[in-house]
Amino acid sequence: LPLVMAAEVAYLSVIAWNPRYRAIVDAEQTHQGAQHEKQKAQERFTVLLSQLTRERSTRFFDIKRRCETLRASMVGADATMTAVAKDQLASVDKLLWVYLKLLNTEQTLERFLGSVSDRELEAEIKVGKRHLEVLPPVGTDAMEDKKRATLEDTLQTLQARRDNVVRAQKNYEYVELELSRIENKLAGIVELAVNRQDPASLTAEVGAVAESVRATEDTIGELNMFTGLTQADLEVPEILVEPAEVTARR
């Protein structure tokens, strides 16, 4: 028995450093890691979707339904898809994912803008400036100097808040435009596929649109203070479900 155990230990020690064995282990670990990230992405997709208002949720499902038509047009007579078609759908998934994040961003910005009034902030700034104007010159009275410091700090805070509101309003308008752009791009891609256009043209169109959303994703990243989105939201979930699953849900 000791000889057998010693032989097993020696064998395991040798195989552990075998390049082929290490490659198999590394591949398995990579696969498990990818599966874990995919699962997290799917869970995050569910969370973001559940947070949408009914109106925005309907808007998302409307465009998703169109893209499911796209998927159906890519399935061959033998119920399989080519590698090119799968790549195209992966890019469409990315567009849908960005679209969903934009809907959440728009919703968050809308709530923020509804919770603060630009006019009220401007009015408070004017009042603070008037109070500063009536104070005696610096160095005249210690208590008055303290009042001045407090008022100046308050004015800086109010101005920063007002700047945030202005920036949020501009971002809100930008997000609205991006939502409309992606909707039209996805509709155009679906129409290309349904009309049986040249697959190369469809691939080029899908790729161009997917590439164009990089700037949008950067903007979403800059809005983390408003949206709560994180680095983990860069992982794209699988959104276009299998035809069998679609039928089952209906």
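**Helix packing and salt bridges**

Q: How does helix 4 pass helix 6, left-handed or right-handed?
A: This is a predicted model, and in it the crossing of helix 4 with helix 6 is left-handed.

Q: What about the angle and the axes of helix 4 and helix 6?
A: Helix 4 (residues 83-115) and helix 6 (residues 142-194) pack at about 150°, and their axes are 9 Å apart. Because angles over 145 degrees count as roughly antiparallel, helix 4 is roughly antiparallel to helix 6.

Q: Which kinds of residues make up that contact?
A: The contact of helix 4 with helix 6 has 18 nonpolar, 4 polar and 5 charged residues.

Q: Switching topic: how many salt bridges?
A: The count is 9 salt bridges. One of them pairs Glu106 with Arg56, with the closest N and O atoms 2.9 Å apart. That pair links distant parts of the chain, since Glu106 sits in helix 4 and Arg56 in helix 3 (residues 54-74), 50 residues apart.

Q: Are Glu106 and Arg56 buried or exposed?
A: Glu106 is buried at 5% relative accessible area, and Arg56 is buried at 8%.

Q: OK, and Glu144 with Lys147, what's the N to O distance?
A: It's 3.3 Å for that salt bridge. Glu144 and Lys147 both lie in helix 6, 3 residues apart, about one turn of the helix. Glu144 is buried at 19%, while Lys147 is partly exposed at 40%.

Q: Last one: where's Ser50, and is it buried or exposed?
A: Ser50 is in helix 2 (residues 19-51) and is exposed, at 57% relative accessible area. A polar atom of the Ser50 side chain lies 2.7 Å from the backbone oxygen of Val47.

Conventions
Residues are numbered from 1 along each chain as its sequence is written. This is a predicted model: local features need pLDDT of at least 70, side-chain atom pairs count only at pLDDT 80 or more; totals for chains, interfaces and linings use all residues. Side-chain values use heavy atoms; hydrogens and water are left out. Helices (H or I, at least four residues) and strands (E, at least two) are DSSP runs, numbered from the N terminus. Buried means under 20% relative accessible area, exposed over 50%, partly exposed in between (1.4 Å probe, protein chains only). A polar contact is a pair of N or O atoms within 3.5 Å; within protein, one must be able to donate a hydrogen and the other to accept it, and residues adjacent in sequence count only if both atoms are side-chain atoms. Axes are lines fitted to C-alpha atoms, for helices over the stretch in contact, and angles run from 0 to 180 degrees between N-to-C directions. Angles under 35 degrees count as roughly parallel, over 145 as roughly antiparallel, 65 to 115 as roughly perpendicular and the rest as oblique. A crossing is left-handed if the near helix is turned anticlockwise from the far one by less than a right angle, and right-handed if clockwise. Ala, Val, Leu, Ile, Met, Phe, Trp, Tyr, Cys and Pro count as nonpolar, Asp, Glu, Lys and Arg as charged, and the others, Gly among them, as polar. A salt bridge is a side-chain nitrogen of Lys or Arg within 4 Å of a carboxyl oxygen of Asp or Glu.
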